[in-house]
Amino acid sequence: MPSTVPPSVSPPRPTRLALLLYPGCMPGGLFAVADMVRAANLRAQRTLYELVWAGVDLQPVPTWQGPGLQPAVTLAAAAADVVLVPGLWLSSASDLQRPLQQLAPLVRALQQLPAATRLWSYCAGVVPVAASGRLHGEAATATWWLREALHTHFPRVDWRFDEAVVQGRAVLTAAGAHGYVPLMQQALAAQLAPAELRDLQNLLMLPRPAAVHPRFAGLELTGLADDSLRRAWMLVQRTAAAELRLAALAQTLHVSPRTLARRVHAQTGLAAAQWMRHIKLRQVADALCETRQPLKRIAEDLGFASEASLIRAFRQVTGMTPMAYRIAHA
């Protein structure tokens with residue numbers, strides 16, 4: 001008589017995550033990610049991630065204004081599923097060639113990784129990743145003030161600087177010196193149950209500073225505990241302003257418009273249409289402050305029906321014209 005006892009199911013193999021050390025890297029993000037991963041393993045009561053500290057070689061690595069750190073293994077021998085390339089200290093966007101020349105061994109090591117190895121990076125750490133060619137044809141973001149320099153140096157990358165975190169096919173990138181927070185939020189959301197993720201957010205993941213204009217407060221990805229709203233937030237950023245429709249967004253998320261509107265209001269205090277409009281106008285505000293692009297180009301890039309409609313919507317929300325906002329906040 002066949003057994004009725006179901007076969008035991010082995011837990012999935014832990015993801016081997018290499019924390020990459022290289023000269024001039026900003027080590028704070030590596031320590032923070034290590035803390036988040038250990039906390040996630042404890043909260044999930046199983047090993048989600050196995051950590052290893054890696055370097056191009058085994059020599060001590062001088063970090064930016066921090067301690068010299070000793071890699072435990074070379075990157076080539078790490079057998080990592082994912083490599084985290086931390087932020088790089090840069091003082092200018094005008095000349096990327098000098099730091100890239102100094103980091104040539106790192107760039108070569110990234111080029112030699114197996115194609116299946118995933119890369120995570122944030123802030124200016126995305127620069128050596130882009131130089132390695134691993135971002136060719138990929139969508140990516142990076143620190144905002146490198147926007148024009150990266151467009152110029154790496155035109156084969158699908159840069160999305162209006163997005164805080166971007167998931168490509170094999171690369172996950174985030175903007176800002178503290179970009180490891182939304183990056184890890186995105187990564188852990190795929191590993192943890194919603195309640196487990198909320199616990200980590202409350203304990204370890206601090207929000208970004210308040211937006212420059214009070215009307216844009218509360219529009220940060222890291223402030224959203226609801227996974228469906230985080231997905232909605234990213235979809236709104238990627239959708240042309242003139243094409244935003246609550247019904248279409250709800251359909252993409254496989255919920256009813258009423259359910260989505262209720263979740264938005266519960267989380268943000270805003271009506272859903274207002275929330276979507278404010279997200280797009282926050283993108284406008286960022287582009288005004290971070291680039292010298294003319295308003296007509298910004299309106300076209302973000303999908304507004306016309307420059308005039310953008311000016312009208314921006315003034316309704318902020319009380320200022322876009323050009324006045326640029327003068328005040330850029």
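How many residues lie between β10 and β11 in the hairpin that they form? There are 3. The model here is a predicted one, with local features needing pLDDT of at least 70, side-chain atom pairs counting only at pLDDT 80 or more, and totals for chains, interfaces and linings using all residues. Residues are numbered from 1 along each chain as its sequence is written, and side-chain values use heavy atoms, with hydrogens and water left out.

Helices (H or I, at least four residues) and strands (E, at least two) are DSSP runs numbered from the N terminus, and two strands count as paired if DSSP finds at least two bridges between them. Strand β10 (residues 165–167) runs antiparallel to β11, with 3 bridges joining them; valine 166 has threonine 173 as its bridge partner in β11. On another pairing, β11 meets strand β7 (residues 118–122) in the parallel sense, over 4 bridges, and here tyrosine 122 stands opposite alanine 174. Moving on from β7, strand β6 (residues 82–85) is joined to β7 by 4 bridges and runs parallel to it, with leucine 84 opposite tryptophan 120.

As for burial, the cut-offs are under 20% relative accessible area for buried, over 50% for exposed and partly exposed in between (1.4 Å probe, protein chains only). In β11 (residues 171–174), Val171 and Thr173 point one way, Leu172 and Ala174 point the other way, and all are buried. Strand β7 has 4 of its 5 residues buried, so it is largely enclosed by the rest of the structure.

Taking contact as heavy atoms within 4.5 Å, and not counting residues up to four places away in sequence, threonine 173 touches Ser121, Val126, Ala140, Thr141, Ala164, Val165, Val166 and Leu183. With Thr141 there is also a polar atom of the threonine 173 side chain lying 2.9 Å from the backbone nitrogen of threonine 141.

Helix α1 (residues 28–44) is next. Its 17 residues reach 24 Å from first C-alpha to last, close to the 24 Å expected at 1.5 Å a residue; the expected span is 1.5 Å times one less than the number of residues. Gly29, Leu30, Ala32, Val33 and Ala34 are among the buried residues of α1, and the buried residues of α1 pack against β1 (15–21), β2 (49–55), β6, β7, α6 (180–189) and α7 (194–204).

Now the rings. Those of Phe, Tyr and Trp (its six-membered ring) pair if their centres lie within 6.5 Å, with planes under 30 degrees apart counted as stacked, over 60 as edge-to-face and the rest as tilted. By this rule the count comes to 8 aromatic pairs. Tryptophan 159 and phenylalanine 161 make a stacked one, 5.2 Å centre to centre with 20° between the planes. Tryptophan 159 is buried at 8% relative accessible area, and phenylalanine 161 is buried, at 8%. Phenylalanine 216 and phenylalanine 314 have ring centres 6.4 Å apart and planes at 55°, so this pair is tilted. The pair links distant parts of the chain, 98 residues apart: phenylalanine 216 sits in the loop between α7 and α8 (227–238), and phenylalanine 314 in helix α13 (residues 307–318). Phenylalanine 216 is buried, with a relative accessible area of 1%, and phenylalanine 314 counts as buried at 0%. Together with Tyr325, Phe216 and Phe314 form one aromatic cluster.

How values were computed:
Polar contact = N/O pair within 3.5 Å; in protein donor to acceptor, adjacent residues only side chain to side chain.
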